[in-house]
Every structure is written in structure tokens, then in C-alpha cells.
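Have the 3D view open as you read.

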Amino acid sequence: MFENKTEAQARTEILHAVKEYCDTFHNKKKEFEPGDRITYASRVYDDKEMCNLVDAALEFWLTSGSYTAEFEKKFAEYLGVKYCSLVNSGSSANLLAFMALTSPLLGERQIKPGDEMITVAAGFPTTITPAIQYGVVPVFIDVAIPQYNLDVTQLELALSDKTKVVMAAHTLGNPFDLAAVREFCDKHNLWLVEDNCDALGTAYIIGGERKFTGTIGDIGTSSFYPPHHMTMGEGGAVYTNHPILNKCIRSFRDWGRDCSCASGQDNQCGHRFEKQYGELPLGYDHKYVYSHFGYNLKATDLQAAIGCAQIDKMPEFAEKRKNHFKRLLEGLKGCEDKLVLPVACENSEPCWFGFLLTCKDGVSRNQMVSYLESHGIQTRMLFAGNLIKHPCFDQMRSSGKGYRVIGDLEQTERIMRDTFWVGVYPGMTDRMIDYMVKIIKEAVYGA
């Protein structure tokens, strides 16, 4: 088939066939009919992602390579940050963001076991898992409904002489009050980590400047799992404007090594065999010097290749999410006697991940969710609801050690009982949104 052809010619032919395959078998869209399944999220892609993936496979570098470098550059430019590190998942991104703050390179601001982290229980577990596993005590404050984000009035109540960091997620695209949290962290010399996994593309006005969430704290994290704002299958990113934090992030990601050479690169610094590290012999190979107890959390170039195509679609994806959310909100106006409708944080432009609904007295969430699901509309809880109530906390809960709680977490408890959400992903159509409005109204008022 490829006899008498150059490699470049063969590759062009293969990619042309891949494009044709994708257009023929993957890009055919069936018109929505009432009763068809409406998932809360789904991949949105075309031949560009598939061709990039095959191109990376033909290159067969497999680990982090040219596509990884391209993605990190494009993603950093999109967010307006200096440094971006691609990793294998959003959970790994949270792990790296937290562990970077435990580095001895940070001096007095290094987080150590026994220190405390202010966070919330109404979220996803991997926001706090790294802290617990490292021996840092999570201090849980409540959230505020209808924004579903941390209650900034409780920050000072949660503060102690052991507090070192605030780490919390922007809930389903709606940012927490970044101005208040940033001011609190600056006042008390605390780190701020933004779990931005559900809020990529969300903007926030702070100090008169419009910035993307994830870039206002010291470190931001993203997830590229298929349901998220963009995808590469599995994948995530950690980003910062701080060179020392970036060095720590890269080291922890890449086995804890001291060397900053890219995969397949040798002696970038020009001093590979010249320096003394720890108690190693003078001139010990710098590629095998370890300054942290790290991991291997790199993504592959196959994943990065998909991401390079997806990031170009982010402005379009964001606009569609915002429009779908707006259409749902307008369609459900008048239902406030039965449902709490979501409200955007002040000074924000959310890129919504989902549409949150909280049932009021007299409305059963279980009955609502059952009705929606039976009519083809996929629903989701607000993740853990109240993470402290889960089996993973059984031992800590019974011992009364390992975490602190401020107040009674009244709104967190309400979310656990009464809240759920539906999707607004870019692949939805107006007809699907209107059908969801119809079924939600039937669920609360009757058919």
C-alpha cells in the first residue's frame, strides 16, 4: 500500500482516511426525539481529535513528547498563566497541587503533617484526599445556597495557628467568592489552591481585571475526564505563575527528581555530572537525583494530542454551556416555589458544568430524580453531598480525630438531602433543553 511512498506521504494518506472514517462513522447526529436519553455530559469532538490521536500513534513516542509540550503551551496561553504541567488526571492534579506545598523549597511556608487546610465537605473527595493522606487536618466550613460554594463568613472561624492553606473547588462552574478568599489568604499568609476541575473557562472580575478561575490562587488544577469542559480521555493539568511552585510541581510529577530535562532529553543544564547533591558523590548523574518523594503522574502524547485539538474548541464549548444554562434558567423561572434555582457568584461569568436544583419543602428529590431518569434525563448528585458522612470517614468519625468541623454544616446537609443536577454540555440542543424544562416541571407540578 505504501510502496514507493515517503513516510510523510504515507502519513498524509492515513490521516486523510482517518478523517473520512470519522466523518462517516462518528459525526452522524441523530435528531433528538422526546424520550431519547439525555446524558449529563458527553464527549464533543470531530476529525481533528481523531487525526491528532492517530498522528501521535504513528509517531509512537507514547510518553510525554512534542504534543505534550504543545498542549502545555497552548493551555497556559488560554488561561494567561506562565506555567502549566500536564498530568494523567484531575485527581493527580490535585495531588500535585497539594504536595507541591509540602516542599522544603518553600521554607517557613512549607506545609507539614499536623497543619490544617480549610475546605468544604460538599464536593469531590480528591480535593481533600492528598491532605488527609499526608497528615494535614481538613477543616470543613459550610457552603452557601444558591451559589453552592464555601461560606466566606466562616473563614475566620476556621482559622487557627496551624492553618496553612485554603483548597476548594468552584462548584459546577460557579466560582467561590475569590476576592474575599484571596484577601483572607493574603491577610494570614496562606496558600490558595483552586480546584478548577469543574470550572474551566469561568471568568472572575478581581481588582478590576477579568481573569480565568484557577489563575487567581497560587495554584490551579483542571481535569480532562470525558464529562468535563474539554477532554483527552483521562488527563489533567496543574498551573501557576510562581516559578518555585512550578519547579516543585514538575519534580513531584516526574518521580521527585531534581533534574528538569524533558523526557528523552539529557544535560539541558550543562552540569549533569558536575555538582554535589545531598550526601551523594560529587558529580553523581543529575538525572537520578531526587529532591522530593515524588510520583510518575505524566500523561501520554496520545492524550495530549487530543487535548491540542480540544483546547481550540474551548471558546465555542464555553459559549454553548452558558447558552444552555441560560435557556434552562429562563425555562424554569416561576418554579421558585418548589425549587431553588442556581445563582452565579457576584462578579463572575460562569462556564457552567451543570445546572443545580435544590428541592424545597414538600418536594422529594428521590421522586424528582426517579421521574427524570424514567423519562431519559440523566441526573447526578452534587458529588459527595457531605463527604464526612461517607464510609471513608468511618474511622476518623468514630475516633473524633483527623478533621475539624465549623458549625453544623447545615447547608451541606441540605445539599446531601435535597440537591441534584442535570447537564448543559456543548453537545446538547435547544430541543433537548426544552424537553428537560418540560419534564422537570412535570416532576414538581404533575403531568
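A pocket, in the sense used here, is an open set of points on a 1 Å grid over the protein atoms alone, with protein on both sides within 12 Å along at least five of seven lines. Keep in mind that what you're looking at is a predicted model.

With that settled, let's look at the largest pocket, which has a volume of about 870 Å³. Its lining counts 27 residues, and the ones closest to the centre are K29, K30, Y425, G427 and M428. What is the lining made of, by class? It has 8 nonpolar, 7 polar and 12 charged residues. Helices α10 and α14 each supply at least two residues of that lining, and α10 gives the most, with 4 residues.

Those two helices also meet each other. The axes of α10 (residues 314-331) and α14 (residues 430-445) come within 10 Å and cross at roughly 35 degrees. The crossing of α10 with α14 is right-handed. Which residues make the contact? On the α10 side, they are H324, R327, L328 and G331, while α14 brings D430, I433, D434, M436, V437 and K441. Sorted by class, the contact residues come out as 4 nonpolar, 2 polar and 4 charged.

Searching the whole structure turns up 2 cavities of 30 Å³ or more. Here they are side by side:

| Cavity | Volume | Lining by class |
|---|---|---|
| Largest cavity | about 50 Å³ | 5 nonpolar, 5 polar, 2 charged |
| Second largest cavity | about 40 Å³ | 2 nonpolar, 5 polar, 1 charged |

If you want to find the largest cavity in the view, look for its lining residues: S42, R43, V44, P226, H228, H229, M230, T231, Q310, F317, R321 and P426. For the second largest cavity, go to V81, G214, T215, G217, D218, Y239, T240 and N241.

On to the sheets. As a bit of background, strands of a sheet pair through backbone hydrogen bonds, either parallel or antiparallel.

Strand β8 (residues 203-206) runs antiparallel to β9, and 4 bridges join them. What is the bridge partner of I206 in β9? That's E209.

Another open sheet also has 3 strands, here in the order β12-β14-β16, again with antiparallel pairing. Its edge strands are β12 (339-340) and β16 (419-423), each of which pairs on one side only. Between β12 and strand β14 (residues 354-359) there are 2 bridges, in the antiparallel sense. To spot this pairing, find L339, which stands opposite C359 in β14.

And what lies across β12, β14 and β16? It's helix α11 (residues 365-374), which runs at about 20 degrees to β16.

To tie things together, go back to α10 and α14: this pair of helices crosses at roughly 35 degrees, and each of the two supplies at least two residues of the largest pocket's lining. Residue F317, one of those lining the largest cavity, falls in the stretch 314-331 that makes up α10.

Key: Residues are numbered from 1 along each chain as its sequence is written. This is a predicted model: local features need pLDDT of at least 70, side-chain atom pairs count only at pLDDT 80 or more; totals for chains, interfaces and linings use all residues. Side-chain values use heavy atoms; hydrogens and water are left out. Two strands pair if DSSP finds at least two bridges between them. Axes are lines fitted to C-alpha atoms, for helices over the stretch in contact, and angles run from 0 to 180 degrees between N-to-C directions. A crossing is left-handed if the near helix is turned anticlockwise from the far one by less than a right angle, and right-handed if clockwise. Contact means heavy atoms within 4.5 Å. Ala, Val, Leu, Ile, Met, Phe, Trp, Tyr, Cys and Pro count as nonpolar, Asp, Glu, Lys and Arg as charged, and the others, Gly among them, as polar. On a 1 Å grid over the protein atoms alone, a cavity is a set of points where a 1.4 Å probe fits but cannot get out, and a pocket is an open set with protein on both sides within 12 Å along at least five of seven lines; lining residues have an atom within 4 Å of a point. Grid points are joined across faces, edges and corners, and a volume is the space filled by probe spheres set on the points.
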